[in-house]
Amino acid sequence: MEATNRPAIEAIGLKKSYHDPKRGRVDAVRGINLRIMPGEIFGLLGQNGAGKTSTLRMLATILPPSEGTARIDGIDVVQDPIEVRRRLGFLSGSTGLYPRLTPRETLQHFGVLHGIAPERLAARIDELLGVFDMRPWADGRCEALSTGQRQKVSIARALLHDPAVLILDEPTTGLDVLATSAMIEFIESRRAAGTCVLFSTHVLSEAERLCDRIGIIHQGQVLACGTKEELRAQTGATWLEDVFKRIVLGGATA
């Protein structure tokens, strides 16, 4: 029962500050609280500079929090970051690839690092090559791939070890219409698989279709969090774009 009720992602009073030579102290994230359950798809919406990426990177153990606590699948991101990474798949716009490796070699390399058994790894690579339609170019160097193709490889790499939690920072960036549709369908499929998905996006139609709940972040704080129906009731708006604008411009708080 305890495992069932345990959040897949939990943040309590999460803060991130840094020093900028021109602006001095910058509070990028100012006390965020999140509780996201297994099998839930949660969208984090906000303008550029709102604190989305800093929040996701703290949860993914890439940035250390200045204050507060965060746990992935019950594991503290500061106390045991290695174990967190075993349970987590992370994708961001800055995720890089080794240019001289092929997509197949990239997945093979990271599968070995994850300690996946050889037979299971071969089957998993073949599965992901099919899911993301990568077989026609799986054995060409990554340096020759298009932006969308590189994004597919990065996504497959994040999913390779079948993590319990996925954190995706604008996962459809650079993808064409068909690839975007395939990615959205894949994210939807994670709900039935029991995977927790936290993703940020600027495309409100993606959030409208995918999200069980949405958090709206502005100036480092979550101003509102709830289902689409709850946010509509809170703002009196029908379209998600209008919901977002009313919360951000009106300064409503959750």
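**View 1. G68 and the residues it touches.** Leaving aside residues up to four places away in sequence, G68 touches I12, G13 and L14; contact here means heavy atoms within 4.5 Å. This is a predicted model, in which local features need pLDDT of at least 70 and side-chain atom pairs count only at pLDDT 80 or more, while totals for chains, interfaces and linings use all residues. Residues are numbered from 1 along each chain as its sequence is written, and side-chain values use heavy atoms, with hydrogens and water left out. You will find G68 in strand β4. Helices (H or I, at least four residues) and strands (E, at least two) are DSSP runs, numbered from the N terminus. With a relative accessible area of 43%, G68 is partly exposed; buried means under 20% relative accessible area, exposed over 50%, and partly exposed in between (1.4 Å probe, protein chains only).

**View 2. T61, a residue with positive phi.** T61 is not a glycine, yet its phi is positive, at about 70 degrees. Look for T61 in the loop between α2 (52–59) and β4 (67–72). Its relative accessibility is 13%, so T61 counts as buried. Not counting residues up to four places away in sequence, T61 touches V77, P81, V84 and R85. From T61 to I72 the distance is 9.8 Å, C-alpha to C-alpha, and the two are 11 residues apart in sequence.

**View 3. Q219, with a positive phi as well.** Q219 has a phi near 50 degrees, which is a positive value in a residue other than glycine. The loop between β9 (213–218) and β10 (221–226) is where Q219 sits.

**View 4. The aromatic pair of Y98 and F110.** A search of the whole structure finds 2 aromatic pairs. In the pair shown here, the ring centres of Y98 and F110 are 6.3 Å apart and the planes lie at 15 degrees, so the pair is stacked. Rings of Phe, Tyr and Trp (its six-membered ring) pair if their centres lie within 6.5 Å; planes under 30 degrees apart count as stacked, over 60 as edge-to-face and the rest as tilted. Distant parts of the chain are linked by this pair: Y98 is in the loop between β6 (88–91) and α4 (103–113), F110 is in helix α4, and the two are 12 residues apart. Y98 counts as partly exposed, at 45% relative accessibility, whereas F110 counts as buried, at 16%.

**View 5. The aromatic pair of F132 and F186.** F132 and F186 form a tilted pair, with 5.4 Å from centre to centre and 55 degrees between the planes. F132 lies in the loop between α5 (118–131) and α6 (147–159), and F186 in helix α7 (residues 177–193), so the pair ties together parts that are 54 residues apart in sequence. F132 is buried, with a relative accessible area of 6%, and F186 counts as buried at 12% relative accessibility.

**View 6. Helix α4 beside helix α6.** The axes of α4 and α6 are 10 Å apart, and the helices pack at an angle of about 20 degrees. Axes are lines fitted to C-alpha atoms, for helices over the stretch in contact, and angles run from 0 to 180 degrees between N-to-C directions. The two helices are therefore roughly parallel to each other; angles under 35 degrees count as roughly parallel, over 145 as roughly antiparallel, 65 to 115 as roughly perpendicular and the rest as oblique. On the α4 side the contact is made by P103, T106, L107 and F110, and on the α6 side by V153, A156 and R157.

**View 7. Helix α9 crossing helix α10.** Helix α9 (residues 228–235) and helix α10 (residues 240–250) have axes that come within 10 Å and cross at roughly 55 degrees. That makes α9 oblique to α10. Here L231, R232, Q234 and T235 in α9 meet V243, R246 and I247 in α10.
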